[in-house]
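Please keep the sequence and the model in view while reading.

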Amino acid sequence: MSKELTGFVKAWEAAVRKSAGPKKRANSIFTPMSVAHVDDDDDARNDGEDSVCQVEKILPNGDFYTGQWLDNAPHGQGKYLWTDGCMYFGEWQKGGITGKGRFSWPSGATYEGDFKSGYMDGKGTYTGSSGDTYKGCWVMEMRHGQGTQSYPNGDFYDGEWRKGMQNGHGRYQWKNGNHYIGQWRNGLFYGNGTMMWSNGNRYDGCWEDGMPRGNGTFRWGDGSFYVGVWSRDSKEQSGTYYPSGSCVGELEWDPQELFSVDLVECSICACEKVTIYPSQKSLNILEGEKLSRKGTDVNGRTRWASVDARVSNYSSEDGSYASNEGSRSSHVDNSIPRVPHMRLKAPKKQGETISKGHKNYELMLNLQLGIRHAVGRPAPSTSLDLKSSAFDPKEKVWTKFPPEGSKHTPPHPSCEFRWKDYCPVVFRALRKLFKVDPADYMISLCGNDALRELSSPGKSGSFFYLTNDDRYMIKTMKKSEVKVFLRMLPGYYKHVRAFENTLVTKFFGLHCVKLTGSAQKKVRFVIMGNLFCSQYAIHRRFDLKGSTFGRTTDKPESEIEPTTTLKDLDLNYIFRLRKAWFQEFSRQVNKDCDFLEQERIMDYSMLVGLHFRGMSCNDNVTPPSGYSPGNTTPTGNGVIDDGAPRLSGVDVDHLVVDPSRWIQLGINMPGRAELTVRRSCDTPQLVGEPTGELYEIIIFFGIIDILQDYDISKKLEHAYKSFQYDATTISAVDPRMYSRRFRDFIFRVFVED
């Protein structure tokens, strides 16, 4: 090592130690080996492409890397030092920070644990500069899952976290001995919980936004207690005092003192803010390397592939990127994900809002009244172990809703109607199984916001309605479909309980509205989860069955909207999933198809939604002036769409493949789409030939339309069409053949990356 470089390294180490404060560190972060400037030795670089070697590199911007190197990128164990004093030491995979490692900040704060794609993700311990410590699960650099937090002031929390805040069940203990045990939401006491003071007093009951709200009991150390309804508004406060046997006289205590005195010192300490996250640190390893493998894209423009084989959409002609958004962090390099050549209009919310004057306005009011009554009706705690009688098709509850109201129903402005709940115990258990909060469910379906009716009914003649927050979809049903659903309900419940990552549609309720009077109209409907409720804009959606007859949209490219549902013969991609996800996907598709085949169900399909990372929904896919890779750009629907993974607004966080990940099978899954081209031939080619042109995507998928059995109408349809067309190309086939054909097709479209 030259004297100049040796002096540089020693000066650097001294600067890092000084900036990190008095904390103990290793004597040297560098091992004795030769240093090569990244631009000085091309031969050494070329020699390292075939095997792992040890290198030390001083980068053009002043950053420093030392460790193992493979194919022009860090791979194995290595240390990276930024000029601001941040340092990472640990495992690398093909130029990215992935595996076990340790990240330290100049302030003295450290994180030691799992990393995934540059993010603190998995299990790890963060120790702040002020001494606070979190040990537990992380997802995308947020506390998420089970974990413990020690605060600098001596407080301590042990429990569940979600999106960086206490959420779920947890225990918080203050330094003075007070402690709270119970439910949390968004970092505050919410739900049932118990607060115990060091002087022996305690409160048991309901909480809302960090304060007692609703039914609760305050007990004193001497055994006396006060039972009532609690509120910060003294006008809403009411209750009764019960003295202990030793107490004499009336209560000289104002219940409002619980808010003004007892809870004043019970504040929740905030976690230390992280100044900059590891994923936000730019790695300049590749910036000093020469670009190679020159080629042209489909439009004939020159494009380059960087030394780690990532394709850049940089055009040497105009110096711009074919993208309209930046990246939240460039944890591997500063390239932009490649996007397909398509023009997208700014997305609008699907459907027409059902406001007063709409032909289905009264039906919507009736539906919302019925759901509010059904979900809010007092019921014993639901066990997931249900009796067979709960699945009896005759197990239903009729409720009459007169306009003036009744003992059990509120007055309403709509006409009189009757409401039917099918198998209410089963659907209450399903909502619990799918971890649907009853209050959130009612707010989505029955809140102040109106439902939206989709512009055209489906092929079956059913109408679809969406909640304003896009979480739930309501579908009207035929009587025959209801019969099929009730017949398969025991098997469906058993299946979704056994396989939490099932891809089949999630159902939350089955109901019927019967209008009284001359109309005597019955409307049956089912409430389902909306697969595409996400912060990601869906750029393309496909309905895939594995058949070819009639399976095209017949729309020119200029008329295809992000909300257009394309079909099998419109599909021009194959989807590449990482090995672990593909294996889980394959297992689950086989399990779900076995279940549907057993229930004699056919004509189902795989609904697929694609979000192309690096693309915004607007009329121009070229970036505006002043664009830089670090910017984030709002999409047409107002969502900041930076192409980087983020937690979804949907409550899918509990349904995970791996407890340390937020990604559910079929929801928010990163992958790659490879463009395909079909050969011109007489027989339609179901899956095109891959071109090698890859796009980074976030993919959503699920199995839908699972309520069609192989009844007499489908048998007749099969017989009729078989005379005119190849029987293997039509949708109406025997469930066993349908299942086999569906799987064969899906496993050609979805492949292991």
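## Basis of the report

The structure is a predicted model, in which local features need pLDDT of at least 70 and side-chain atom pairs count only at pLDDT 80 or more, while totals for chains, interfaces and linings use all residues. Residues are numbered from 1 along each chain as its sequence is written, and side-chain values use heavy atoms, leaving out hydrogens and water.

## Overall fold

The protein contains ten helices and 35 strands. Both kinds of element are DSSP runs numbered from the N terminus, with at least four residues (H or I) for a helix and at least two (E) for a strand. The protein has 753 residues, of which 50% count as buried. Buried means under 20% relative accessible area, exposed means over 50%, and partly exposed lies in between (1.4 Å probe, protein chains only).

Taking contacts (heavy atoms within 4.5 Å) between residues at least 6 apart in sequence, 53% join residues at least 24 apart.

## Helix 4

Helix 4 covers residues 361–376 and reaches 22 Å from its first C-alpha to its last, close to the 22 Å expected at 1.5 Å a residue. The expected span is 1.5 Å times one less than the number of residues. Because twelve of its 16 residues are buried, helix 4 is largely enclosed by the rest of the structure. Among these buried residues are Leu363, Gly370 and His373.

## Salt bridges

The whole structure holds 21 salt bridges, each a side-chain nitrogen of Lys or Arg within 4 Å of a carboxyl oxygen of Asp or Glu. In one of them, the closest N and O atoms of Asp84 and Lys281 are 2.5 Å apart. Asp84 lies in the loop between strand 3 and strand 4, and Lys281 in the loop between helix 3 and strand 18, so the pair ties together parts 197 residues apart in sequence. Asp84 is partly exposed at 38% relative accessibility, whereas Lys281 is buried at 7%.

Glu674 forms a salt bridge with Arg576, with 2.6 Å between the closest N and O atoms. This pair links strand 33, which holds Glu674, to strand 31, which holds Arg576. Elsewhere, a network of salt bridges links Asp594, Glu597, Arg736 and Arg743.

## A buried lysine

Is Lys545 buried or exposed? Lys545 counts as buried, at 10% relative accessibility. Lys545 is placed in the loop between strand 29 and strand 30. Its side chain joins that of Asp603 in a polar contact of 3.0 Å. A polar contact is a pair of N or O atoms within 3.5 Å; within protein, one must be able to donate a hydrogen and the other to accept it, and residues adjacent in sequence count only if both atoms are side-chain atoms.
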